[in-house]
Amino acid sequence: PDEEIDDQLFSYQGPNPSTKEQAILMIADTVEAASKSLKEYTETNICDLVNRLVDGKVEEGLLNDAPITLQELKVTKEVLIEKLMGMYHTRIAYPELKN
């Protein structure tokens with residue numbers, strides 16, 4: 001905890017996406033990987049994670065070369081949230097059947 005960490009070792013070094021498909025793939029890969037670190041898979045946690053990560057990509061300029069609109073990013077967020085909710089939904093405990 002007292003060590004300084006070089007953020008560059010953990011940041012994307014490749015070329016920025018130049019198509020919508022590449023941008024969506026970058027976002028989906030980031031979100032899927034980061035979702036595994038959530039402690040609780042609530043709708044709020046998943047929404048916060050997706051919004052934070054996608055907004056972060058935009059703020060970092062990683063999507064500047066991709067012809068993707070804000071509306072398309074909104075839809076991408078919605079789909080990712082829906083899919084993650086489906087992947088991580090919790091099941092109710094079924095009562096044991098009596099013979």
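User: Which helices each supply at least two residues to the lining of the largest pocket?

Analyst: A pocket is an open set of 1 Å grid points where a 1.4 Å probe fits, with protein on both sides within 12 Å along at least five of seven lines, and lining residues have an atom within 4 Å of a point. Here α1 (20-35) and α2 (43-59) each give at least two lining residues; helices are DSSP runs (H or I, at least four residues). This is a predicted model, where local features need pLDDT of at least 70 and side-chain atom pairs 80 or more, while totals for chains, interfaces and linings use all residues. Numbering starts from 1 along each chain, and side-chain values use heavy atoms, without hydrogens or water.

User: How many residues line the largest pocket, and which lie nearest its centre?

Analyst: The lining has 13 residues, with S11, Y12, K57, E60 and L62 nearest the centre.

User: How many salt bridges turn up in the whole structure?

Analyst: Look for a Lys or Arg side-chain nitrogen within 4 Å of an Asp or Glu carboxyl oxygen. The search finds four. One of them joins K20 and E72 at 2.7 Å, N to O. That pair links distant parts of the chain, K20 in α1 and E72 in α3 (residues 70-87), 52 residues apart.

User: What does D55 pair with, and is its partner K77 buried or exposed?

Analyst: D55 bridges to K77, with the closest N and O atoms 2.7 Å apart. D55 sits in α2 and K77 in α3, so the pair ties together parts 22 residues apart in sequence. K77 is buried at 15% relative accessibility, while D55 is partly exposed at 31% (buried is under 20%, exposed over 50%, partly exposed in between, 1.4 Å probe, protein chains only).
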